[in-house]
Amino acid sequence: MRTRIGGVPILNTGTLSPLTPEYRRNPDFFKGACQLACILTILLLAFIFGEILLKAWPAIHQFGFGFITGTQWSPNRGVFGVLPVLIGTVESSFLALLVALPLGLSIALFISEDFLPNSLRQFIRFVVELLAAIPSVVYGLWGVFVVIPLVQKYGTILSDHFGFLPLFAGPAYGNSLLTASLVLALMVLPTITAISRSSLVVVPYSLREGSYALGATRWETILGVILPTASPGIVASAILAFGRAMGETMAVAMLIGNSQRLSWSLLSPSNTLSALLANQFSEADGIQISALMYAAALLVALTLVVNIAGAMVLRQTQRATSVLR
Amino acid sequence: MSNDYTSSEAHPIQVSHETARPYELSDVVPPSETNFIKVDDFRFFYGKKEVLHGINLEIPSRRVTSFIGPSGCGKSTLLRNFNRMNELIPGVRHEGDITIHGTSIFDPSVEVIALRRRIGMVFQKSNPFPMSIYGNIVYPLRIAGQGDRSMLDETVERCLRSAALWDEVKDRLHESALGLSGGQMQRLCIARAIASRPEILLMDEPCSALDPIATAKVEELIIELKRDFTIIIVTHNMHQASRVSELTAFFYLGNLVEFDETRKIFTNPSKLQTEEYITGRFG
Amino acid sequence: MMKPESRHFFSSPKGKTSFYRMLRNRFLTGLCIALSLLTLFPLISIVILVIRNGLPLISMNLFTQLSPAPGLEGGGFGNAIMGTLVMVCISLLLAVPLGILSAVYINEYAPVSPVSSAVRFVAKLLTGIPSIICGVFAFAAVVMTSQHFSAIAGGVALAILILPIILLTSEQALMGVSVSYREASYGVGATPFQTIWRIVLPDAMPAIMTGIMLAVSRAAGETAPVLFTALFSQNWITSVFEPTASLSVLIYNFASLPYAYHIKLAWSASLVLVTLVTLTNILAQMIFSPKQR
């Protein structure tokens, strides 16, 4: 046992220590430091947005709204329009979602239902988490040497037979919107799986029980009760995955072909905002830097809108399912 | 799994396999009522743990039978065996047999889907699906592939009327069921349970989460429903058992201690354990 | 009441046959399992290719030598590994204090205050911002100001990337500390600082470390933030104020070169990077797991 705490004898020797707490008497410098950190964090966001807008200002001033509707991007002539890139961004992310959603949802169901022994389910879950940990640039490298040849081979067949459809018009390039979308799908799969899974496992067991008791089979229960109950979470997972896909840079930059020409075909090169930034920033100067900053601001705006929408849906989900518990 | 079901002739009820007290059911149920549930030396295991020790029981049709007993006595476990809900839990197994209408429910030719359509179940906590009131009731019909609109409409009205809920919700059938009050939700679950015209209705403490007024409504409903259904209700509330049921089975530690007319159980039980439980000395 | 009509009481009801329903049930289960296993293929393909193409070059030289000139063979990417480490360290130096202190404030000092909700909001917004935007910001704020691509600029970009990770995991970690510890500490007359410094932070440390490890693995693997802030370099890093190589940018640059050896180097760099990222991830889980039980 210590006989003293903080220098004050435990035995009452006649004088009481003042009853004001120590932190009232001595200013808490640590608290000050923490407060400062908070303010810096908040200012940082303002600084990021401010800096980008500031540097984009000359381009915003010069091109205005025409920047968004313009279809030409040629730095040599000082003409900057991002419409094809915007379309490429949305299109590639949407395609990726189209591929990833069924797969991701299947995996989420697979690891939340008891189709197979738990060990195998945990393994699949581990594998999907691993997918999330692989760096984007490694996906890009893999895409260059695996997916590009595949898309080139089967894309040619596709355009030979279905070339009359604008979506599959030839010639088929390896570096194409389709290639980028396929790899993107793989990259957003963990997002979809993780969020869908967590919204599936919070579906109360009583609902599952209720459905089985009415004579439903497992899949009637899944399709009729569990998926509808979890659907806001699944929608949120899709929205957030869409946001992630729009922001993905490296793999897309390596695979999409970086062409600012408008094309309907999935088999022709395209571009996305982030890939445009990745490819042009290091060699840009003057008004081109400003134009790229403008594009960056657009990308921020797009992803923010999508992410906030996703977060709102997700919060709605939590509120909706809380009634059930 | 054993299918040693032998015959469906009316046996004297075995109160407990050790201390059998022969007793004739005919004073409550006319012998012609052959539509009954027969539990034959039924044992049930969670893993290695035996939770039901050879239950023998015959439940007559179109009566309300209540299962009472302290927590963990196995009454809910037995109830959940009638529609084989326990099979959803991994690592369970059973011995003995349960027959309904003379058919073993564990017979390989019995489809568990069909079984559960014939046996409705109402749970302790109401579990309306997060869809409309209408959607909830037609769910069991839709999964069975019935899409005829007028037939569905007719069923919704019939079931809601049976569950004494029609007047309260008829103007908002297509609103979410989650907007109902607790008591309404539970009555909705009852309406849903009878939508596929089952013959037996299992109720697992249906009122334990309800306030007294809602409880009274559900109890009224139970008495009303026994004209058409064989009802088995598990309850902790002894007053409830005495109010709604004609027959009462008292379980203790996985054994059926006594099964008799409710009136008799509550006024003149033949077993000391039953009496002690009824009078609140344990449990 | 329905009378039993068919074979026995529990045969199929009218309407769709149970046979059809069972068949559909089986089919959907099969489909679900098939789709889930389908996703294994790309992953296996990535892992096998990275190992098969990356392993042959793995040797000490890889870690100690510079990359060869285009068209030549031999050498490694020691400078890129070095550069990645330097930039990750810079980002940690910036983001760890900021993140942990902010987390302490929003969880310990003022859980409900406008400042705290603002910080949480900012952190969540930052997690959703594409990583390349961190690069764009560092380019605007550091590169354009200093007129130089530099390791500092890359570190700043990575710091913004990992700040929300550190902040939010630290907050979670602090939340996980039992209230009774705090009460016990205040109960013996400790100040808030003493309580946080001696009781709360030590208890939350393993979980905070997990967050930092996850941040390291994320920062090491990211390319977009350093692509046009640190740029690249063929030489060893001598100062943090000059262009600096990194593993991830090396992969990006070499993948598009027409030289077989450089492409092999890119695969080897991928192997090193994936190993590094996976190991940090697993390590992070291991640090935290004993505490969870």
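The structure is a predicted model.

Chain C contains twelve helices and zero strands, so that its pattern, read along the sequence, is α-α-α-α-α-α-α-α-α-α-α-α. With a radius of gyration of 27 Å, well over the 19 Å that the globule rule gives for 293 residues, chain C is more spread out than a compact globule. Taken along the principal axes, the box filled by its C-alpha atoms is roughly 90 × 65 × 35 Å. Of the 293 residues of chain C, 49% count as buried, and among contacts between residues at least 6 apart in sequence, 75% join residues at least 24 apart.

Because 22 of its 25 residues are buried, H7(C) is largely enclosed by the rest of the structure.

In chain B, Leu201(B) belongs to strand E7, which covers residues 200–204. Leu201(B) has 23 other C-beta atoms within 10 Å and is therefore buried, the threshold being 20 or more. Apart from neighbours within four places in sequence, the contacts of Leu201(B) are Gly120(B), Val122(B), Ala193(B), Ile194(B), Leu225(B), Phe229(B) and Ile231(B). Asp228(B), 27 residues from Leu201(B) in sequence, lies 9.8 Å from Leu201(B) in space, C-alpha to C-alpha.

Technical notes
Residues numbered from 1 in each chain as written. Chains lettered and ligands numbered in written order. Predicted model: local features only at pLDDT ≥ 70, side-chain atom pairs only at ≥ 80, totals over all residues. Buried ≥ 20, exposed ≤ 12 C-beta atoms within 10 Å, placed from the backbone. Helix = DSSP H or I, 4+ residues; strand = E, 2+ residues; numbered from the N terminus. Rg over C-alpha atoms; globule rule 2.2 N^0.38 Å. Contact = placed C-beta atoms within 7 Å.
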